[in-house]
Amino acid sequence: MYVGTLSFHLLLGDVHSLKEKRSVVRPIVAELQRKYAVSAAEVEHMNLHRRAVVGLALVSGDAGHLSDVLDRCERLVAGRPEVELLSVRRRFHGDDD
């Protein structure tokens, strides 16, 4: 069994309220969940309107598949024009951990 996680540190564009922030972050989280069957949520900076951290996790029996899905998730978030991807933290846990 393999577990992979990603944390995306995001800077949001022209956002001036928490309501506007939710309208940017929620569709990203929903698309990750829908397209890639990952568990995803906003996990930090809940009260800051221009910053967000989105975390996701995936469990797989195949390390190659896990790595491929995490790569696709990262490309999806990096390609969103309404956010600037400041950093990505990737963790990979296997049977040896």
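Residues are numbered from 1 along each chain as its sequence is written, and side-chain values use heavy atoms, with hydrogens and water left out. Because the model is predicted, local features need pLDDT of at least 70 and side-chain atom pairs count only at pLDDT 80 or more, whereas totals for chains, interfaces and linings use all residues.

The protein chain has two helices and four strands (DSSP runs numbered from the N terminus, H or I of at least four residues for helices and E of at least two for strands), and along the sequence these follow the pattern β-α-β-β-α-β. The radius of gyration, taken over C-alpha atoms, is 14 Å, close to the 13 Å that the globule rule (2.2 Å times the number of residues to the power 0.38) gives for 97 residues, so the chain is as compact as a globular protein of that length. Of these 97 residues, 32% count as buried, that is, under 20% relative accessible area with a 1.4 Å probe, protein chains only.

Helix α2 comprises residues 63-78, and its end C-alpha atoms lie 23 Å apart, which agrees with the 22 Å that its 16 residues should span at 1.5 Å a residue (1.5 Å times one less than the number of residues). Within α2, L66, V69, L70, C73, L76 and V77 are buried. Seen down the helix axis, the buried residues fall within an arc of 120° (of the directions from the axis to the C-beta atoms), so they line one face of α2. Their cover includes β1 (2-12), α1 (18-36), β3 (51-60) and β4 (83-93).

Technical notes: Buried < 20%, exposed > 50% of the residue type's maximum accessible area, 1.4 Å probe, protein only. Contact = heavy atoms within 4.5 Å.
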